[in-house]
Amino acid sequence: MINPISSLSGFFRKRTEPTEQQKNVKIIFVHGFGGEDKTGKTQKMIQEQLQDLDLDNCITAVTYAWDSIHYSLFNIKNDWGRAKENAEKEIEPFLKFLKKETGDGQQQVYIIAFSLGTRIVAHAINKLNPFPKNLKGIFFWGSALTESFRLNQSVPIKILNYYSKNSDFILNELYRFIESNHPGGWYGFYEIAGFVNHHTAASHAIPRVNYKSRLIRPTIQIIAFWEGFI
């Protein structure tokens, strides 16, 4: 007879105290259109999940804050255009920031980019030369980057792209209305050499099913597994 699982005790690998090198794991969060995360709101959500998973002594989180415009639905097209221009201007500053974060090679670095923030990250990654060995993984959530975007062949890792075909009104309708093309956050990216597309049911705007609520915890768990923490 097989008894049902009544406890998660022993289900995961037994945790050991991390080494000094293992403690140096950092998540960089790059927010999207709207600018609310300049306050570190998502960073706080990540830190709360790290504490809940007992991983806060292994992994830290920071927000790369940039001016992505506080938009109005009545002026969405103009506000989007201004935010997109700001994202283009932010590529070089983010590149400098990333080089600083990965500079000594001691920290294992992961990037989570959301919506319009994926434009900054994708273009910056294409400019990295040499590519830092300690940049271990990149996650895109609800990318507002055209689905035909291609990574340079010099980029040695694949981006994990989480897209939502049916649940995200912002990408499915508003983005296509403004841009007249399809984003990678809707159907995934064409270029499978540079991206691994994962379908999820998430939204930009609906609180309980938005990308952050749905994906923060499993993304942390993926990183923790890769680093040998669970």
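The model on screen is a predicted one.

Next, switch to a cartoon of the whole protein chain. Its secondary structure comes to eight helices and six strands. Reading from the N terminus, the elements run α-β-α-β-α-α-β-α-β-β-α-α-β-α. The protein chain has 230 residues, and 50% of them count as buried. Of the contacts between residues at least 6 apart in sequence, 75% join residues at least 24 apart.

Now hide the helices and look at the strands. The six strands form an open sheet in the order E2-E1-E3-E4-E5-E6, and their pairing is parallel. Which strands stand at the edges? They are E2 (59-64) and E6 (195-199); each has a single partner strand, so one side of each is left without a neighbour in the sheet. From one strand to the next, the twist averages 20°.

Select residues 25-30 and 108-114. These are strands E1 and E3, paired in the parallel sense over six bridges. Within this pair, Ile-28 stands opposite Ile-111 in E3.

Bring back helix H5, residues 117-127, which packs on the sheet and touches E1, E3 and E4. The direction of H5 makes about 145° with that of E4. Then show helix H4, residues 91-102. H4 lies across E1, E2, E3 and strand E4 (135-141), and runs at about 170° to E1.

For the last stop, select helix H8, residues 211-226. Its 16 residues reach 21 Å from the first C-alpha to the last, close to the 22 Å expected at 1.5 Å a residue. Begin at the N-terminal end, which Asn-210 caps: a side-chain oxygen lies 3.1 Å from the backbone nitrogen of Lys-212.

Which residues of H8 are buried? Colour Tyr-211, Lys-212, Leu-215, Ile-216, Thr-219, Ile-220, Ile-223 and Ala-224 to see them. When reading their spacing, recall that an α-helix has 3.6 residues a turn, so residues three or four places apart point the same way.

H8 is followed by Gly-228, which has a positive phi, near 80°.

Conventions. Residues numbered from 1 in each chain as written. Predicted model: local features only at pLDDT ≥ 70, side-chain atom pairs only at ≥ 80, totals over all residues. Heavy atoms only, no water. Pairing = 2+ DSSP bridges. Helix = DSSP H or I, 4+ residues; strand = E, 2+ residues; numbered from the N terminus. Axes fitted to C-alpha atoms, helices over the stretch in contact; angles between N-to-C directions. Contact = heavy atoms within 4.5 Å. Expected span 1.5 Å × (residues − 1). Buried < 20%, exposed > 50% of the residue type's maximum accessible area, 1.4 Å probe, protein only. Polar contact = N/O pair within 3.5 Å; in protein donor to acceptor, adjacent residues only side chain to side chain.
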